[in-house]
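Student: I have a model on my screen and I'd like to learn how to read it. Can you walk me through it?

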There are 2 protein chains.
Amino acid sequence: MSKRNLVAEPQQHSIIGTRFFNAPRELVFKVMSDPATIPQWWGPRNLTTTVDKMEPQSGGSWRYLVSDQKGNEFAFRGVYHSIEAPLRTISTYEWEALAGHVSLETTIFEESEGGTKVTTISVFQSIEDRDGMMQSGMEEGGDEAMDRLEELLAKLQ
Amino acid sequence: MSKRNLVAEPQQHSIIGTRFFNAPRELVFKVMSDPATIPQWWGPRNLTTTVDKMEPQSGGSWRYLVSDQKGNEFAFRGVYHSIEAPLRTISTYEWEALAGHVSLETTIFEESEGGTKVTTISVFQSIEDRDGMMQSGMEEGGDEAMDRLEELLAKLQ
């Protein structure tokens, strides 16, 4: 398994993604939880991500700003329910343009085959919201983010 | 509609509850968001709820302790994604005995027929977790909590 496997069953609230990284779990967890490294992988390559706020602890908040080359800016935010390094994070996710439409994001880090398997479980308030997310281009953008993360992890070892 | 209507479709991640209260929206919202009134309605009648922590604002945390007459204690906790008085709250929910199993709770307050319609949307990380919640007695306990809330709202008007 080198690329992300994404499962979004019809008529369900969830999207489940899995991806293997050839890097130690502690490092994968750290890079995904560190404000300093978020801009280097979060989002597709043609957009620029900046961290407006990121407090990776239970009750902390996060807010990222993503801009394109035309100067359009998109804001995403949420709160952390729990951060259990290096095993699991649980947080909420909202695109501010669709305020009130929120998903719950669970990320699980498992040691696997000398590297790390990362599983993300996203559940939405409705099946319509889940389908909207799938149609938004998140699949391609998410795959690209995972590729960037893989490249970054390779550089850091 | 005087009692709660609960919808949990087979093979789905969600539980959707609706209940009408014969009270103004501001009052219903306030009573459901105030640490001082939580112990008066949250949970079934034969248990005692105390508020360990409740910070009803984005990024705030909540934690309730529920005890029975034998002295057994159960702890529940979560974080608030957003609080928009008197319209909507979005938060996370976890029973500490099942740590890591978390749901996203959306509560919507609508003016309706001279009173307030409260809709709760709970989405779980898996269908199994949703089914486990349904089998835990939450339906009966939740109905009783809503009855207690109705009685409290009647007293406060």
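Tutor: Helices (H or I, at least four residues) and strands (E, at least two) are DSSP runs, numbered from the N terminus. This is a predicted model, where local features need pLDDT of at least 70, side-chain atom pairs count only at pLDDT 80 or more, and totals for chains, interfaces and linings use all residues. Residues are numbered from 1 along each chain as written, chains are lettered from A and ligands numbered from 1 in written order, and side-chain values use heavy atoms, without hydrogens and water.

Student: Which residues in helix 3 of chain B are buried?

Tutor: Buried means under 20% relative accessible area, exposed over 50%, partly exposed in between (1.4 Å probe, protein chains only). In helix 3 of chain B the buried ones include B:Ala145, B:Met146 and B:Leu149.

Student: How many bridges join strand 4 of chain B to strand 5 of chain B?

Tutor: Two strands pair if DSSP finds at least two bridges between them. Here strand 4 (residues 61-67) and strand 5 (residues 73-84) of chain B run antiparallel with seven bridges, and B:Ser61 has B:Val79 as its bridge partner. Five residues lie between the strands of that hairpin, where B:Gly71 takes a positive phi near 95 degrees.

Student: What about strand 6 of chain B?

Tutor: Strand 6 (residues 88-95) pairs with strand 5 of chain B over six bridges, again antiparallel. Three residues separate the two in their hairpin, and B:Ser82 partners B:Ile90.
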